[in-house]
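Open your viewer and get ready to select residues by number. Each stop on this tour tells you what to pick next and what is there.

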Amino acid sequence: MKSKVPFLDLGRQYRGIRGELSKELRVLLNKGQFIGGPAVSNFEKSFSSFVGATHAVGVGNGTDALEIAIEALKLPKGSEILVPANSFISSAEAVTRTGHKVKFVDVDPSTYLIDFAKASQSVTPKTKAVITVHLYGNPVNAEKLSLFAKDYDLRVIEDCAQAHGAISGGQSVGSIGDIAAFSFYPGKNLGAYGDAGAVTTHSNELATTVRMIANHGRLEKYNHAFEGRNSRLDSLQAAVLSVKLKHIDSWTNTRITNAQIYMNQLREVGDLVLPVVEGTSRHVFHLFVVQTERRDELKEHLSRHGIETGIHYPLSLPQQPAYQKTIRHNTTPIADKLSSNILSLPVGEHLSPRQISYVIDSVKMFFKKAG
Ligand SMILES: *Cc1c(COP(=O)(O)O)cnc(C)c1O
């Protein structure tokens with residue numbers, strides 16, 4: 001049975017842009033240029049201007065974008081890199097895979113984002129960088145981030161996988177730190193029809209290094225300055241992304257409207273804790289995450305009413321089996337606790353006002369019945 005309120009509906013989104021897409025893809029398929037070419041360079045140009053960064057370099061996916069961004073910074077091997085404890089595993093994987101050490105930092109209990117006071121306590125002489133994850137679409141405070149990085153002389157890698165178009169204090173995510181990684185995984189706010197990603201930066205030098213790492217250490221066909229790898233953005237995915245980029249602002253505004261309705265209607269309902277958005281921020285609501293002590297019951301109740309929800313994430317990163325050997329002490333109690341209380345309500349642009357009202361009524365019904 002099709003659920004009444006799906007978490008995601010990419011088929012519906014496709015039907016809205018089918019004409020534009022077919023045109024772009026037909027041109028590309030007839031030309032037969034599937035690697036590089038204008039489809040990729042045009043997307044890179046429009047995406048860098050969307051982000052407000054000087055350069056955007058298309059890569060294979062968001063995880064590669066993080067890895068390549070870190071590698072391009074050429075930090076001393078074995079450097080410590082701060083990573084928030086509440087994120088998708090890529091944020092940490094990229095650190096280990098590039099030969100560095102993950103240092104998990106607990107998150108702020110209301111924004112779910114990296115806690116700079118705790119981050120300060122985690123800095124040692126070996127700490128060289130911080131990965132700031134603009135989690136759920138909520139941008140990390142740009143001013144605090146820049147001050148923190150300056151105070152401790154750290155490079156900043158922004159993980160923007162969930163935050164296309166988010167803004168803090170007038171600065172778009174992806175243009176704040178030294179270098180940034182975006183994912184275009186299909187379910188992200190800007191998603192391709194398969195894996196895809198991009199790195200953005202203001203630095204000419206970093207942009208060139210990223211482009212070379214992602215393409216076998218070369219800029220010309222058979223002239224390899226060093227050993228790189230193959231992580232390019234497919235031309236077909238670039239063409240899809242160029243079409244979708246024209247709609248991202250309208251889609252994001254619908255997400256924000258949906259979120260605002262939730263924020264107004266779900267205030268003081270049961271023990272629900274709603275997302276917190278700073279006054280100068282544009283939160284793009286990749287996810288609308290609430291907290292309740294009765295998360296599992298609420299999830300079950302909504303599911304019985306045909307409403308799909310998610311949990312992002314059921315374990316904090318330090319709680320993941322992958323880190324049990326390396327993390328000895330429980331130093332991220334807030335992220336650990338959050339993982340059992342958080343629930344993501346459907347918030348995408350595919351939802352009608354009626355569906356949003358239905359979710360609100362169903363949530364209210366749960367708390368009323370259970371008293
Ligand atoms: C999705 C995601 C990634 C990874 O992107 P992929 O394109 O799936 O490799 C990295 N970080 C965060 C926070 C994500 O949500």
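The tour starts at the ligand, moves to a helix, and then visits several loops. Keep in mind that this is a predicted model.

**Stop 1: the ligand**

Select the ligand and the residues around it. The shell holds 14 residues. Which of them come nearest? They are Gly62, Thr63, Asp159, Ser183 and Lys188.

Now colour the shell by class.

- Pick Asp159: an N or O atom in its side chain is 2.8 Å from a nitrogen atom of the ligand.
- Pick Gln162: here an N or O atom of the side chain is 2.8 Å from an oxygen atom of the ligand.
- Pick Lys188: a polar atom of its side chain lies 2.7 Å from a ligand oxygen atom.

How much of the ligand does the protein bury? On its own, the ligand exposes 380 Å². The protein buries 92% of that area.

**Stop 2: helix α12**

Select residues 353-369, which form helix α12.

Now select the buried residues of α12: Gln355, Ile356, Val359, Ile360, Ser362, Val363, Phe366 and Phe367. Turn the view until you look down the axis of α12. The buried residues fall within an arc of 160°, so they line one face of the helix.

Then select Pro353, Arg354, Lys368 and Lys369. These four are exposed, on the other side of α12.

**Stop 3: Pro346**

Pro346 sits in the loop between β14 (342-345) and α12. Is Pro346 buried or exposed? Its relative accessible area is 0%, so Pro346 is buried.

Pro346 and Pro6 are 340 residues apart along the chain. Their C-alpha atoms are separated by 7.0 Å.

**Stop 4: Ser87**

Go to the loop between β2 (80-84) and α4 (90-97), where Ser87 is found. Ser87 has 5% relative accessibility, so it counts as buried. Show the side chain of Ser91 too. A polar contact of 2.7 Å joins the side chains of Ser87 and Ser91.

**Stop 5: backbone details**

Hide the side chains and follow the backbone.

Select His312 and Tyr313. The peptide bond from His312 to Tyr313 is cis, with omega near 15°. Tyr313 belongs to the loop between α10 (295-304) and α11 (333-338).

Select Lys74, in the loop between α3 (62-73) and β2. Lys74 is not a glycine, yet its phi is positive, at about 50°. Lys74 counts as exposed, because its relative accessibility is 62% and the cut-off for exposed is over 50%.

Finish at His216, in the loop between α7 (204-213) and β10 (218-220). His216 is not a glycine either, and has a positive phi of about 60°. With 29% relative accessibility, His216 counts as partly exposed.

Methods: Residues are numbered from 1 along each chain as its sequence is written. This is a predicted model: local features need pLDDT of at least 70, side-chain atom pairs count only at pLDDT 80 or more; totals for chains, interfaces and linings use all residues. Side-chain values use heavy atoms; hydrogens and water are left out. A residue is near a molecule or strand if one of its heavy atoms lies within 4 Å of it. A polar contact is a pair of N or O atoms within 3.5 Å; within protein, one must be able to donate a hydrogen and the other to accept it, and residues adjacent in sequence count only if both atoms are side-chain atoms. Accessible areas come from the Shrake-Rupley method with a 1.4 Å probe; for residues, only the protein chains shown count as cover. Helices (H or I, at least four residues) and strands (E, at least two) are DSSP runs, numbered from the N terminus. The expected span of a helix is 1.5 Å times one less than its number of residues. Buried means under 20% relative accessible area, exposed over 50%, partly exposed in between (1.4 Å probe, protein chains only). The arc is that of the directions from the helix axis to the C-beta atoms.
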